[in-house]
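Dear colleague,

I am passing on the structure we spoke about, and below it you will find some notes on what turned up when I went through it. Please read them with the structure open beside you.

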Amino acid sequence: MPIYDTVLEAVGGTPLIRLHRVGGPERARVLVKLEALNPGGSIKDRIGLALIRAAEQSGRLKPGGTVVEATAGNTGVGLAMAAAVLGYQCIFVVPDKMSPDKIRLLRAYGARVEIVPDVPRDDPQNYQQVARRLADSVPGAAYMGQFEQTANPDAHYRTTGPEIWEATHGQVGAVVAGAGTGGTISGIGRYLKDQNPGVEVIGADPVGSIFTGPVAPFLIEGMGEDYYPDTLDADLVDRWEACSDEEAFAMARQLARHEGILVGGSSGAIVAVALKAARDWEKPGWIVAMLPDTGRNYLANIFREDS
Ligand code: PMP
């Protein structure tokens with residue numbers, strides 16, 4: 001094991017793990033990429049440093065400044081880790097549907113957290129609008145813009161995509177991911193299709209999100225949107241499959257109980273979609289499902305004792 005200079009060097013290099021006991025019988029073999037093993041507990045650790053560096057390079061963020069972001073929680077943790085190492089302050093704006101565990105977590109890293117109602121994007125109280133206004137009004141503050149900055153998908157093109165290709169020795173038939181910003185699915189999708197245009201990219205989408213429509217409220221956190229973000233390249237997605245909150249949360253509980261893998265609701269939805277794709281799969285190669293975050297974020301809701 002190498003000795004790392006800072007925690008940021010420990011981001012990435014997550015394992016692929018084969019599923020055995022949930023689902024079945026499937027024709028294809030399903031691997032999950034366990035992003036919970038990043039030091040901040042999610043796939044968004046991969047973009048924290050990249051977003052900060054992009055803001056520094058464009059001159060928007062100066063030494064000792066304040067990082068501002070609209071986040072479902074995980075990007076906040078990724079940014080907070082990088083901000084701690086680099087000496088920045090943090091303010092995060094979080095919709096009130098997010099689990100209390102995630103909000104406590106952001107405060108544990110020393111961030112200021114503003115909680116706003118979970119309202120559509122054109123509402124002035126929407127978390128992205130509030131975060132932009134805060135970045136304009138606080139001296140030395142810069143909006144990170146995970147929904148607009150190419151640094152987001154680029155981080156997955158540079159790290160997550162190559163990790164999948166190398167670990168499977170190029171034997172990947174399909175990748176299944178969700179889309180919040182779309183950074184994950186676009187970065188990985190582009191990298192894998194650059195290596196082999198035959199790799200199928202499957203988007204898992206909460207019922208109520210725009211990618212499978214029609215738009216309505218849903219409980220799954222971190223993925224699903226009511227608009228198409230700039231950071232999503234929808235042309236790379238071969239097909240979208242919808243998954244309900246109930247199915248996603250039931251699958252998250254099954255993964256903990258039958259595979260020993262504790263992950264969140266978006267991971268539950270992604271595995272449910274991956275297992276369905278595997279059932280009538282005709283092509284060679286692994287189906288790789290991207291599991292974005294740890295179930296420790298959801299002890300108060302998905303994993304409540306009575307659930
Ligand atoms: N699931 C969870 C729990 C997340 O926090 C995120 C990030 N918003 C995603 C899925 C989707 O990732 P991306 O933003 O890269 O599309």
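Around the ligand there are 16 residues, and among these K44, G180, T181, T184 and S266 come nearest. Please keep in mind that this is a predicted model, and that the distances that follow are therefore computed from predicted positions. The side chain of T181 places an N or O atom 2.7 Å from an oxygen atom of the ligand, while T184 has a polar side-chain atom 2.5 Å from a ligand oxygen atom.

Turning to the overall layout, the protein is divided into domain 1, made up of residues 7-43 and 153-298, and domain 2, which covers residues 45-143. The C-alpha centres of domain 1 and domain 2 are 24 Å apart, and the contact between them takes 32 residues from domain 1 and 22 residues from domain 2.

The size of an interface is often given as the accessible area lost when the parts come together. Between domain 1 and domain 2 the buried area is about 2,000 Å², with carbon and sulfur atoms giving 51% of it. On the side of domain 1, the residues L8, E221 and N297 supply 30% of the area buried against domain 2, which is more than any other three residues supply.

The interface also holds polar and charged pairs, and I list them here with some care. Across it, 17 residue pairs are in polar contact, counting pairs in which both residues have a pLDDT of 80 or more. The side of domain 1 that touches domain 2 receives the most from helix α5 (residues 151-167), which gives 6 residues, and the residues of that side divide into 11 nonpolar, 12 polar and 9 charged.

Side chains of opposite charge can pair when their charged atoms come close. Between domain 1 and domain 2 the count is 3 salt bridges. K102 forms a salt bridge with E221, with the closest N and O atoms 3.0 Å apart, and E221 is also one of the three residues named above for the area that domain 1 buries.

For the salt bridges as a whole, the count comes to 14.

With best wishes

Notes: Residues numbered from 1 in each chain as written. Predicted model: local features only at pLDDT ≥ 70, side-chain atom pairs only at ≥ 80, totals over all residues. Heavy atoms only, no water. Domains from an automatic or database assignment. Contact = heavy atoms within 4.5 Å. Buried area = accessible area lost by both parts, 1.4 Å probe. Salt bridge = Lys/Arg side-chain N within 4 Å of Asp/Glu carboxyl O. Polar contact = N/O pair within 3.5 Å; in protein donor to acceptor, adjacent residues only side chain to side chain. Helix = DSSP H or I, 4+ residues; strand = E, 2+ residues; numbered from the N terminus. Nonpolar A, V, L, I, M, F, W, Y, C, P; charged D, E, K, R; others polar. Near = heavy atom within 4 Å.
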